[in-house]
Amino acid sequence: MPRKSRPVVTHTLAAQHEALWLKLTALHTQIAPIATRKPQTPVCAHTITVAEALLRDALPFVEDNDRLPMAAPDHGGLVTQLGQTLAEMDSWEAANSRWDGPRNAYLWQVRGGDVLPVLRLRPKLMVPAGSAADPAQVAKMLDLRAKLAKRIDQFKNR
């Protein structure tokens, strides 16, 4: 089966991926315990509707050619379907992001070369070694630290 071409990463597509990944993970986490105990239990109509909407929203990120994905009617099938979709979304993320050593974070490979961290991985961005800090900002931070230390001393001496 030929692979469909993947869209170019934009800020909107990256934000959509991260929001959808969280929603799919939440639904998968909700259904997994039931699927473990009773995999053939039918899924309620509301959950099927939500699952189908999420699966449809995931189409830009998966290799499936089905334009109208149907959610599995039982918990075991649905948890498998959601797990496969999450795996394909992780694959899409891995193909469209890169590790940036100086920033110590994964960044989306966004068109135009903008710096956009993969937020769901909770990056703690580091300033690249070559960039100098703003002297005015440094002075302001030192002043704030001195004021804070003075307030702490006042509080201790009460």
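**Notebook: helices, core and salt bridges in a predicted model**

I began with helix 4 (residues 135-156), where I found that Lys-147 and Asp-143 both lie, 4 residues apart, about one turn of the helix. Helices here are DSSP runs of H or I with at least four residues, strands are runs of E with at least two, and both are numbered from the N terminus. The side chains of Lys-147 and Asp-143 meet in a salt bridge, with 3.4 Å from N to O; the term stands for a side-chain nitrogen of Lys or Arg within 4 Å of a carboxyl oxygen of Asp or Glu. I noted Asp-143 as partly exposed, because its relative accessibility is 40%, and the classes I used are buried under 20% relative accessible area, exposed over 50%, and partly exposed in between, with a 1.4 Å probe and protein chains only.

Before going on I wrote down the ground rules: this is a predicted model, in which local features need pLDDT of at least 70 and side-chain atom pairs count only at pLDDT 80 or more, while totals for chains, interfaces and linings use all residues. Residues are numbered from 1 along each chain as its sequence is written, and side-chain values use heavy atoms, with hydrogens and water left out.

**Salt bridges**

**Overall layout**

I counted 4 helices and 2 strands in the protein, and along the sequence they follow the pattern α-α-α-β-β-α. Of the 158 residues, 29% are buried. I also looked at contacts, meaning heavy atoms within 4.5 Å: among those between residues at least 6 apart in sequence, 66% join residues at least 24 apart. The accessible surface comes to about 10,700 Å², and 60% of this belongs to carbon and sulfur atoms; the areas come from the Shrake-Rupley method with a 1.4 Å probe, and for residues only the protein chains shown count as cover.

**Core and helix 3**

The largest nonpolar core has 30 residues, and those with the most contacts inside it are Leu-20, Leu-24, Leu-78, Leu-82, Met-89 and Trp-108. Helix 1 (11-37), helix 2 (45-57) and helix 3 (75-95) each supply at least two residues of this core, with helix 1 giving the most, 8 residues. By a nonpolar core I mean a set of buried Ala, Val, Leu, Ile, Met, Phe, Trp, Tyr and Cys residues joined through side-chain atoms within 4.5 Å.

I then followed Leu-82, which touches Leu-24, Leu-27, His-28, Ile-31 and Leu-55 when residues up to four places away in sequence are not counted. Leu-82 is one of the buried residues of helix 3, which also include His-75, Gln-81 and Glu-93. Against which elements do the buried residues of helix 3 pack? I find helix 1, helix 2, strand 1 (97-100) and strand 2.

Glu-52 lies in helix 2 and counts as buried because its relative accessibility is 17%. Not counting residues up to four places away in sequence, Glu-52 touches Pro-69, Met-70 and Ala-71, and its C-alpha is separated by 9.1 Å from that of Ala-72, 20 residues apart along the chain.

Val-110 lies in the loop between strand 2 and helix 4; I noted this residue as buried, with a relative accessible area of 9%. Leaving aside neighbours within four places in sequence, Val-110 is in contact with Val-9, Thr-10, His-11 and Leu-116. The C-alpha atoms of Val-110 and Val-9 are separated by 5.1 Å, although these residues are 101 residues apart along the chain.

Tyr-106 has its place in strand 2 (residues 105-108) and is partly exposed, with a relative accessible area of 40%.
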